[in-house]
Every structure is written in structure tokens, then in C-alpha cells.
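Could you take me around this structure, one selection at a time? I have it open in my viewer and would like to know what to click on next.

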Amino acid sequence: VAGPGEGLIFHQTTVIAAFIRVVIFVNRQVVAEPLHWHEHQERCQPRVQPLRNFGVIDDDHVVSTLFNKVNGAFGGVATFIIAEQEQERKARFDQRWFHSKGDFIMRYIKVFAPGTVANLGCGFDVMGLTLDGVGDLLEVGIEEGAGGLVIRNRSGKELPAKNEDNVITPAVMALLGAYEKPVRVEVTILEKIAPGSGIGSSAASSAAAVWGVNELLGRPFSGERLVEFAMMGEALIGGTSHADNVGPAVLGGVVLIRGYEPLDIVRLPVPEGFFYAVVHPDIVVSTKQAREVLPREVPLHDAVTQWGNVGGLVAGFALGDVALIGRSMHDVVAEPYRKGFIPGYDVLKEGVLAEGALAMNIAGSGPSIFALAADEAVAQRVAQRMRAHFARPGIGCKIYAGRVSNCGARIVE
């Protein structure tokens, strides 16, 4: 790597040049930072920076000449990436990042954002956690200096045909409005959580889209700002811009939304050996229905119980005390009113707890149900019990089981 005023020392050029390719990127752009992780993420994935003014030097004899001329030829930092000479890898790399379009360069990355569970029982609208192994995969591209937003659906799931009806649109437009420079954005939805699944399908799309655009622009916005942008997608669906799904989808782990005005998010640690089971029965519970059934006033006794449980839940995550998490995940505000939408809810809860789960509750507004466990085998048994419960009355369902994840939205190969 050469910086301004730095010299280059290159030993055994004639030997190494037979085995390496030198790729040069100028305009102060760095291709990869394998040890640089986002401020809001645990060490989940290496980060990749956007690129411009790209050139590849394949001829071995150019190497020594390049080292002699580079500092004088370019008025900035030149970064050299030395890689094995592998044509297939180069072809994949070029296709992933660059499509020439006039005087501009379209840059692409693939971004994954995980599924999430909101509320966590007592944490109505203020808590959520990240699920491992399920989420949305998007290809995001930008072209600076241009304009427009294109959304393509290649997921096989039925999604809104019009851009203005897709949650990605208000989320990305909020980001671009704050960026205040013309940028064309293209989003292709490659894999999608089933809409209405109760595990943050809309949040995953919004989170992946804003995360990808922010990455390609060089990360001008913090993780918390990305959550604010993604909340605009939630407002399109439910009428309120809540963050209990988009918060963990962007940041990963367990999040507490301490306040909304202004947005204040606290990211809590995930205990080791913490697992989930989720069932999504083939019944429909609209968010509007689920909110309308809730009481407009909460008796003081119930409010005190709920406050104690939320405090215990936060303390349980902070201390890594899974038993405290389990006994605190009790809801007296929403669950008693929403469980009527789900056939045999009380019977299922009794059976799930008998299998060894720490807790069970409704995921978000439903109809999905989640349970937490301190053992993977318990989580798998609970998922099967959930399936059997809905099979008896002839209700189809999908089940998920895995680890509660520290990783939010991220770049994937």
C-alpha cells in the first residue's frame, strides 16, 4: 500500500510477478477492509467499500514500471490489492461490482437482513431480537450523479407491483433525502421472507435496502440513522413508524427502543447458547385487527406488572441470565387480547413450556408465535410441537428454529 509521500519497497519482483495480479484503485477508494466492522455490529462480516475509476493490470511486466510511476502518476492514495491470478474469480468480481453506463459506474453489492421478532412479550413496540438463518437477500446498486429508484422482484413471493406500495421505497427515499445528492438506486429482491409471516418480513427488506445504499455511498450515516430511514417502510405498512423490527434487522442482537422522540436505541448483548423456535400458522391476523383489539387504557396494577417485566427482561439480557429472561417475558397488556386470534393458544403455550422452553409469546402482532430456549435440542422439539399443534385442526404452518443472532444487516458473497 502506498500513501502520499510514502516510498515503495518491493522485493523479488520477478518471482512474485509470475503469480500475482495487481489491481489499482484510485480516487482515494479502498476495495476492502477485512478487519473493519460496523460500529453497531458484532464481528459478523467483513466490510466492503464502493469503488470508482477501476483498472486492472494483468501483464506481469507492468509491475515494476507501475511501482516506479504510481506516486507521480496519481494525485492521491493508491491501494494495491494482490490476489491469486484466477480468471473465474476476477470475472465474478467484475460482474458483482461494475456495469458501465455512460460516464457513470453502477456499483452493486448483495445484502442480507435477518428476520426478527418484535415485542418479546412485555416489550410492546420497544423491544425486538434477531433470528439466525432466515431473512431477505437483496442486490443493491447505485449510480451517483443520476436519479430514480428501480425495484425488481426475483424472489418468487407476491409483492406490490408498484414502487410506491413497496416498503423499500419510503425507506430509500428517506435516506436519499438526507444525503442531498442525486443517486440512482436499483434494488433486486432475490430472496424474501413470506409477507405476513410475523417475523419482520417488511423490516428485512427496508433494512437490507438502506444498509446496501449506505455501504455503497461510503457509510455517510450511522446505524441509528439507518433504523430511522427503515422505519419509514414500517409506517407504510402499519401506519406507525415503529422500530422494534427494523432496529434488530439493521443492528443485530436484541434492541431496546428507549424512546422515539428522539429515537434512542440501546443494543443489548445476546447470551451464549440462546435459541428460538417460531411457527407461522396459515391464518391471517392483520396488524390493524391486532391493534384495534388492544385496550386504550391499562389498569395501574397491570402497568406496574408490565414495567417490572420489562426491567427484568432488560436486566436478563444485560446479565446473560436466561432464567431471568424467561420469567420476565410475561405480557399482561397485549397477549391476553391477541391470543384469541390463534386457535388453542393457551394449550400450545402449556405444551411448549413443558418441553423446556424458557418462554412463549406472540411474535409482533401475530399470527406467528415464538419461543426461546437455552438449548438447541429444546428449540427443535418445541418447533415440532408447534407444527403438530396446528396440524391437528388441519391448519398448515411453517416452522423455524435456530440461534438468536448478534448479526444484523450485512454484505454477503
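## A short tour of rings and a helix

Begin by selecting F274 and F317, which are both buried. Keep in mind as you look around that this is a predicted model.

Now show the side chains of these two residues. F274 and F317 form an edge-to-face aromatic pair, with 5.8 Å from centre to centre and 80° between the planes. Colour the chain by position and you can see that the pair links distant parts of it, 43 residues apart. F274 sits in the loop between β12 (263-268) and β13 (275-281), while F317 belongs to helix α9 (residues 300-319).

How many aromatic pairs does the structure hold? There are two. For the other, select F221 and F229. Their ring centres are 5.1 Å apart and their planes meet at 85°, so this pair is edge-to-face; the cut-off for that label is an angle over 60 degrees.

Are F221 and F229 buried or exposed? Buried means under 20% relative accessible area. F221 has 11% relative accessibility, so F221 counts as buried. F229 has 5%, so F229 counts as buried too.

Next stop: helix α5, residues 201-216.

Finally, step past the end of the helix. α5 is followed by G218, whose phi is positive, near 95°.

Definitions and conventions:
Residues numbered from 1 in each chain as written. Predicted model: local features only at pLDDT ≥ 70, side-chain atom pairs only at ≥ 80, totals over all residues. Heavy atoms only, no water. Phe/Tyr/Trp six-rings, centres within 6.5 Å; stacked < 30°, edge-to-face > 60°. Buried < 20%, exposed > 50% of the residue type's maximum accessible area, 1.4 Å probe, protein only. Helix = DSSP H or I, 4+ residues; strand = E, 2+ residues; numbered from the N terminus. Expected span 1.5 Å × (residues − 1).
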